[in-house]
Amino acid sequence: MPDSPFLLTAWSRVVLCCGVLAAAVGCGGSTAATPAPSASRTAAVGDAAALLAKEQLDLEKDELKLGFIKLTDCAPIVIAKELGYFDDEGLSVTVEAQANWKILLDRVISGELDGAHMLAGQPIAATVGFGTKAHIVTAFSMDLNGNGITVSKSVWQQMQEADPKLDSPTPPHPITAAALKVVADRQKAAGDPLKLGMVFPVSTHNYELRYWLAAAGIHPGFYTADDTRGVIDGDVLISVTPPPQMPATLEAGTIQGYCVGEPWNQQAVMRDIGVCVVTDSEIWKNNPEKVFGVTKEWAGKHPQTHLAVVKALIRAGKWLDAVDEKGEFLNRKRACEILARKDYVGADYDVIANSMTGTFLFQSTDRQEQKDFNVFFEGFATYPYYSDCIWYLTQMRRWGQIDEPRDDAWYHETAKSIYLPEIYRQAAQLLVDEGQLTTDDVPWDTDGYKSATSEFIDGMEFNGRRPREYLAKFPIGRKD
Amino acid sequence: MKQFLINGLQLTGFSAFEPVVRLCAGENRPEQVRKITQLLVMPAVAFLMFLGLWTIGAASVETRFGKIPNPRQVWVAGQSLFAAHRETVQQRAAFYVERDAKVRVHTAKAAEMRAAAAVPANAALKERLEKNAVKQDELASRTARRKFSGSPSYLDQILTSLKTVFTGFVLASLVAIPVGILCGLSPTFMACVNPFIQIFKPVSPLAWLPIVMIVVGAVYTTDPSEAWFEKSFISSALTVALCSLWPTLVNTALAVASIDKDYINVARVLRLGPVTRVFKIILPASLPLMFTGLRISLGVGWMVLIAAEMLAQNPGLGKFVWDMFQNGSSETLAQIMVAVFTIGIIGFLLDRVMIVCQKLVSFDSAVSA
C-alpha cells in the first residue's frame with residue numbers, strides 16, 4: 001500500500017535528503033552549510049524539499065462529528081478539540097453530547113456520527129452480537145479506571161450495623177460487598193430484593209458491579225439468550241439507569257445503589273444522598289474503561305482519517321496525564337475548567353475537579369488520595385491491548401450474555417477483530433517522528449497481552465492468554 | 001393615523017393597547033383610563049405578584065441542584081446564554097477568517113510547488129511536486145467548504161427548532177388540506193378516512209417518534225456528508241407533521257362540508273367546473289375555519305417538537321433542555337427556566353402570526369383571539 005504512513009514518512013525523509021543533497025550540489029564551490037538565500041535557483045530547490053517535507057496525512061474526510069456522553073472520561077476527545085490537536089491534523093471536528101449509550105451507538109452505526117467515546121464493552125458486544133449487532137472496532141483506549149459504586153445513606157447505615165469496622169468517619173478501604181450481603185439477604189428474604197443501577201448492559205459498570213457483588217457471594221443474576229434482563233437466579237435486581245439520572249433515581253428510592261462514572265458518584269456524596277463505597281481501581285487496578293469506537297466499515301473507508309484522529313487523541317491523553325517533577329498534575333485544572341462548560345460535561349467545576357485532580361471523596365468525612373482514579377496515558381493506558389478485550393469477553397460469558405461456551409481460540413480471534421493496536425502503533429510512530437511522543441511512551445514490544453495480574457478485589461489471577469481457565473476459577477457465574 | 005394603529009392592534013391581537021392609542025388621541029379620557037386600568041395595569045400588577053410569589057416560593061425549596069432560582073437569577077442565566085451566543089458568533093467569524101487564510105495558504109503553496117516544479121534543477125522532484133500541488137489544491141477546495149465546528153449557541157438551537165417546526169407544519173398542511181377538502185366534498189371518502197383520523201388523532205407524538213426514527217433510518221440512507229438534511233432534522237419534522245396533521249384535516253373537512261348551500265347553488269347555476277369550483281368557491285369560503293385548524297396545528301407542532309427533541313436528542317430547544325438537565329450543575333435550573341420561557345414566548349408569537357393570517361383571510365371580524 002503506497003499510502004501507508006510509514007512509507008510516507010520514510011519517503012518524505014528521502015525527499016528531504018535529496019533536497020539537501022541537491023542544494024549542496026547546486027551551491028557548488030560555496031559552503032554547503034550556508035542557508036540558501038531567497039529568490040535564487042538554489043533556494044528553489046531547498047524550498048521544494050521543505051515544501052514536500054511537511055506532508056499531512058492524506059485525509060479521506062476532514063469534517064468529522066464525534067459523539068460523547070457527559071462523563072469526565074470523554075476528556076481526550078474534548079481536549080483534542082479544544083487544544084487544537086484535531087486542527088493540527090487538518091481535521092475539523094464537531095463534538096456532540098448524546099443522551100445515552102444506545103443512541104450513541106445507533107448513531108455511530110447509522111453514520112450520523114463518525115466515531116464516539118464508547119464503553120469498552122460496546123464495540124465487543126456489538127461485534128459478538130449481544131444487543132445491537134454491528135462490527136465496531138477500536139484503536140484507542142480512552143482511559144483506565146474512573147468509576148465508583150455508591151449506595152444510599154440507609155443502605156450504608158445497614159452496612160455499618162452489619163460490619164462495625166465501617167462505622168467510622170474514615171473506614172478502611174477497599175470496602176468489599178460482605179456487609180452488603182447481609183442487607184441483600186435480608187431484603188431478598190422480605191421479598192423486596194435490593195435494587196441496583198448501572199448504566200448499560202454491556203458497560204464496564206455492569207461487569208464491575210457484578211464482580212464486586214459476586215466476590216462477596218452475592219449472585220448478581222444471569223442473562224440468557226431469551227431473557228436479557230440479567231436477573232435470573234440473582235440475589236439482587238440490577239437495572240439500567242442513564243448516568244446523569246443516577247443521583248436523582250437514588251434520591252427517589254427507585255434504586256438503592258449504583259455503579260457509575262464520574263462526576264455522578266461525587267455528586268451524590270456532595271449532595272449528601274449517598275456514600276461511595278468503592279472505586280473500580282480497587283475492584284480491578286487499572287481496568288480499561290472507555291474506548292474510541294468507529295465502525296469497521298468507516299475504518300476501512302477512512303484509514304488515514306482514522307490515523308489522524310488517533311494521533312490527536314494520543315496527544316490529548318499525554319497532555320491530560322502530564323505531571324511536574326513533584327508528580328503533581330500540570331493540566332488537570334485546565335481540563336476541569338474546559339469540561340465544566342455547559343456543552344461538555346457541564347457539571348460544576350468543583351464536582352469534576354474532585355475526582356480529576358487526584359483525590360476522591362467517599363463520604364463527606366472521608367477524602368482519599370486516588371492519584372490513579374482517572375488514568376489517561378500513564379502506563380500505556382491508551383494502548384488497545386487484546387487482553388483487555390478478552391477480560392470483557394470472559395465477563396460476558398460469565399454472566400450469560402454470550403450464551404454458549406467458546407474455546408480459547410475464539411476469544412483471541414474475536415479480540416483481534418475488534419482491537420486494532422496496529423493503527424495505534426502507526427499513529428504513535430508518526431507522533432514520535434514529529435517529536436510529539438518519546439519512544440518509551442509506547443509499548444512497542446508487546447504482543448498485545450498484558451502480563452497476568454491478580455490485582456482484583458478478590459485476588460483472582462487473570463491471564464488474557466487463557467480465558468477459559470480464568471472463567472473456571474469463579475465460584476459464581478458460568479464456568480465454561 | 002389613529003384608526004390605522006387601532007386596526008393594526010386589533011389585527012395582531014393586541015387590542016389591550018387600544019385604549020392607550022385612544023387616550024393619546026384625546027378621546028373620552030375617563031373611559032380610556034378605566035379601560036387601561038382594566039386591560040393593562042391590572043395584568044401588570046398580577047405579573048408582579050407572580051414574580052413576588054415566585055421569589056418567595058423559590059427561596060424555600062431546596063433541590064439537589066441548590067435552591068430554585070428566583071426571577072433575577074433566571075434573568076442573569078438568560079443574559080449569560082445570550083453572552084455565550086455572542087461569543088459563539090465571534091468564534092464563528094474568527095473561524096471563517098482563519099479558514100479563508102488557510103485556503104490562501106494552500107493555494108499559495110500549490111502555486112509555489114508548481115513554480116518549483118518548473119525549475120529545471122528540480123527535475124528529480126518534478127513529479128512529486130506536481131502531485132503535491134494537486135493535493136494542495138484539493139486541500140484548498142476542501143477547506144473552503146468547511147463549516148464552523150463549534151457547538152451551537154442557544155439562539156442557534158432556537159433557529160433549528162423554528163426551522164423544524166415550520167418544515168413539519170408545511171408538510172402536514174400539504175397533506176391535510178387536500179385530504180380535508182376531499183373529505184368535505186365526498187361523504188364516501190370521509191367515511192373511508194374517518195376511522196384512521198379517529199384512531200391516529202389521539203396518538204401521542206412520543207409514540208410516533210421511535211417509528212419515525214427507525215423508518216427514516218432505514219429509508220434515508222444518503223451518505224451523511226452529502227445529504228441535504230440531517231436524519232435528526234427529518235425525523236423531528238416528520239413527527240411534528242404526523243401530530244399536527246389532524247386539527248387542519250378535521251377543520252378543513254368541516255369547513256368544506258358546511259359551506260353555505262347558496263354558494264354551491266351559485267356554482268351550479270354558473271356551471272363552474274370542479275377545479276374552478278374548488279378554487280373560486282370552496283377554498284375562499286372555508287378559509288377562516290381552515291386557518292383555525294392551521295393555528296391549532298402549529299401550536300400542537302411546537303409542543304410536539306420540544307418533546308421529540310428531548311427524547312430523540314435531535315438538535316433544538318428540547319435537546320438544550322435535556323442537556324442542561326444532564327449537566328446537573330448549579331446553573332441547571334435557571335437555564336432550563338430560561339428555555340421554558342423562551343418556548344412559551346415563541347409559542348405565543350407563532351400563535352399571533354397565525355391569528356394575523358386568519359384575520360387577513362376572514363370576511364368578517366367575528367373571529368377573535
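D272(A) occupies the loop between α11 and β9 (274-279) of chain A, where helices (H or I, at least four residues) and strands (E, at least two) are DSSP runs numbered from the N terminus. The model is predicted, so that local features need pLDDT of at least 70 and side-chain atom pairs count only at pLDDT 80 or more, whereas totals for chains, interfaces and linings use all residues. Residues are numbered from 1 along each chain as its sequence is written, chains are lettered from A and ligands numbered from 1 in the order in which they are written, and side-chain values use heavy atoms, with hydrogens and water left out.

The backbone of D272(A) has a positive phi of about 60 degrees, although this residue is not a glycine. With a relative accessible area of 46%, D272(A) is partly exposed; buried means under 20% relative accessible area, exposed over 50%, and partly exposed in between (1.4 Å probe, protein chains only). In chain B, R271(B) is likewise not a glycine and has a positive phi, of about 55 degrees. R271(B) is placed in the loop between α10 (261-269) and α11 (274-312) of chain B, and it counts as exposed because its relative accessibility is 75%. Most residues other than glycine have a negative phi, and most peptide bonds are trans.

Chain A also contains cis peptide bonds. One joins H173(A) and P174(A), with omega about -5 degrees, and P174(A) is in the loop between α7 (153-162) and α8 (178-189) of chain A. Another runs from E262(A) to P263(A), with omega near 10 degrees; P263(A) is found in the loop between β8 (257-261) and α11 (264-270) of chain A.

The description now turns to buried positions of chain A. V95(A) belongs to strand β2 (residues 92-97) and counts as buried because its relative accessibility is 8%. Leaving aside neighbours within four places in sequence, V95(A) is in contact with L66(A), F68(A), I77(A), K81(A) and Y344(A), contact meaning heavy atoms within 4.5 Å. From V95(A) to T295(A) the separation is 200 residues in sequence and 17 Å in space, C-alpha to C-alpha. H306(A), in helix α14 (residues 303-321) of chain A, is buried at 1% relative accessibility. Outside the four places on either side in sequence, H306(A) has contacts with A139(A), V294(A), W298(A), A299(A), L420(A) and I423(A).

Helix α18 (residues 408-418) of chain A has W410(A), Y411(A), H412(A), T414(A), A415(A) and I418(A) as buried residues. An α-helix has 3.6 residues a turn, so residues three or four places apart point the same way. The buried residues of α18(A) pack against α6 (121-128), β4 (136-144), α17 (386-398) and α20 (467-472) of chain A.

Two packed helices are described by the angle between their axes and the distance between the axes. In chain A, helix α15 (residues 332-339) and helix α16 (residues 349-356) pack at an angle of about 140 degrees, with their axes 9 Å apart; axes are lines fitted to C-alpha atoms, for helices over the stretch in contact, and angles run from 0 to 180 degrees between N-to-C directions. The angle makes α15(A) oblique to α16(A), since angles under 35 degrees count as roughly parallel, over 145 as roughly antiparallel, 65 to 115 as roughly perpendicular and the rest as oblique. The contact involves R332(A), K333(A), A335(A), C336(A), E337(A) and L339(A) of α15(A), together with Y349(A), I352(A), A353(A) and M356(A) of α16(A). By class, the contact of α15(A) with α16(A) has 7 nonpolar, no polar and 3 charged residues; Ala, Val, Leu, Ile, Met, Phe, Trp, Tyr, Cys and Pro count as nonpolar, Asp, Glu, Lys and Arg as charged, and the others, Gly among them, as polar.

In chain B, helix α6 (residues 154-185) and helix α9 (residues 231-257) pack at an angle of about 30 degrees, with their axes 6 Å apart. This angle makes α6(B) roughly parallel to α9(B). The residues of the contact of α6(B) with α9(B) divide into 21 nonpolar, 9 polar and 1 charged.

Finally, the structure holds 0 disulfides over all chains, a disulfide being a pair of cysteine sulfur atoms within 2.5 Å. The sulfur of C243(B) is 19 Å from the closest cysteine sulfur, in C183(B), which is too far for a bond. C243(B) is buried, with a relative accessible area of 10%, whereas C357(B) is partly exposed at 27% relative accessibility.
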